[in-house]
Amino acid sequence: MPDATQLGEATSMRIEPLTAAIGAELSGINLGELDPETGEELRAALLEYKVVGIRNQFLDDAGHVRLAESLGEPWIHPMDRLAGVDSAEPSELRVKSDHQLLTDRWHLDVLYAPNPPAFGILRAIDVPPVGGDTMWANLVLAASWLPDDLRGQLQGRFTVHSVPDTLVNLKQTLFPDFDPQIWRDNLQGVRQPLLRRHPETGEEAVFCVGDASVDGLDDDASRSLMAAVTEHATNPSVTCRWRWRNGDVVIWDERCTAHFAVRDPWEGDRVLRRLLVEGDCPVVAT
């Protein structure tokens with residue numbers, strides 16, 4: 001990775017890597033007033049470091065949307081679109097440490113959509129002083145370190161994804177009059193390559209971790225292969241960890257990272273708001 005002087009030279013933006021593997025903290029940048037030149041450097045840093053965090057931004061929803069627009073098309077979550085939502089707005093993630101969501105494990109977002117998001121943008125509204133960190137893993141570096149035997153098992157293979165029942169149950173609380181079977185019928189059986197080609201950088205990346213069904217394998221073989229992939233791709237050597245403060249914004253490249261919302265016993269609510277940027281249909285890495 002380049003050092004902090006190689007990017008951000010044309011503006012006042014400064015870059016401090018979080019680890020040698022992934023992630024950077026940016027400073028000297030106001031996300032609420034991005035000029036085109038700074039926007040280009042922000043994107044370059046994001047593509048290089050995969051995850052970037054910026055402190056003391058305190059964006060409102062309109063600023064959050066403008067930031068997403070600087071990176072692409074703000075994405076309406078496919079479940080929301082099916083329920084009739086016609087504009088992309090940040091969604092609130094308000095949880096206590098005893099939540100029952102599936103975010104406290106390594107995962108990629110919305111793989112049950114044919115075109116998963118390109119970028120994720122989280123901003124911290126009200127977070128505990130300690131606890132509730134988020135971790136990211138560099139799936140490009142993980143792909144480059146694949147042993148030959150594991151690489152051979154991944155090449156040309158696809159995982160199969162459907163919207164999880166836990167998310168259907170959560171969305172039902174937001175859309176109580178909507179038939180949940182419509183979500184299940186429309187967001188199932190989506191195939192994603194286990195190794196994808198990044199559309200901007202050309203890099204090869206692992207593109208699934210955690211529990212997933214592998215097309216063409218039985219349940220036991222799928223579990224065994226995905227356990228090996230996850231252990232390899234989330235090794236601490238390819239990760240970084242962000243400790244949240246109110247006003248933080250973190251942006252990550254959904255096409256080549258996995259993340260893990262740490263569920264340690266923090267006090268009170270942890271409130272963030274998230275907006276995704278539309279992605280493309282993944283291309284198999286060959």
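Let's start with Cys240. A disulfide needs the two sulfurs within 2.5 Å. Keep in mind that this is a predicted model. Cys240 is also buried, with 3% relative accessible area.

How many disulfides does a search of the whole structure find? The count is 0. Take Cys208, which is in no disulfide either. For Cys208 the nearest cysteine sulfur is that of Cys256, 15 Å away. Cys208 is buried too, at 2% relative accessibility.

Next, salt bridges. The structure holds 21 of them. I'll walk through a few.

Look at Arg55. One partner of Arg55 is Glu25, with the closest N and O atoms 3.8 Å apart. Glu25 is in strand 2, residues 24-27. Arg55 is in the loop between strand 3 and helix 2.

Arg55 counts as buried, at 15%.

Arg55 has another salt bridge, to Asp248. Here the closest N and O atoms are 2.5 Å apart. How accessible is Asp248? Its relative accessibility is 0%, and that counts as buried.

Now Glu204 and Arg151. Their side chains meet in a salt bridge, 2.8 Å from N to O. Glu204 is in strand 11, and Arg151 is in helix 5. They are 53 residues apart. Both are buried.

Some salt bridges share partners. Which residues do they join into one network? Asp61, Glu92, Arg94, Arg123, Asp269 and Arg273.

Last stop, a pocket. Rolling a probe the size of a water molecule over the atoms shows where empty space is left. The second largest pocket has a volume of about 150 Å³. Its lining includes Trp75, Ile76, Leu187 and Glu278. Which element gives the most to that lining? Helix 3, residues 78-82, with 3 residues. By type, the lining residues divide into 7 nonpolar, 1 polar and 2 charged. Arg81 and Glu278 are among the residues of this lining.

Technical notes: Residues numbered from 1 in each chain as written. Predicted model: local features only at pLDDT ≥ 70, side-chain atom pairs only at ≥ 80, totals over all residues. Heavy atoms only, no water. Buried < 20%, exposed > 50% of the residue type's maximum accessible area, 1.4 Å probe, protein only. 1 Å grid on protein atoms, 1.4 Å probe; cavity = no way out; pocket = protein on both sides within 12 Å on 5 of 7 lines; lining within 4 Å. Points joined across faces, edges and corners; volume = space filled by probe spheres on them. Helix = DSSP H or I, 4+ residues; strand = E, 2+ residues; numbered from the N terminus. Nonpolar A, V, L, I, M, F, W, Y, C, P; charged D, E, K, R; others polar. Salt bridge = Lys/Arg side-chain N within 4 Å of Asp/Glu carboxyl O.
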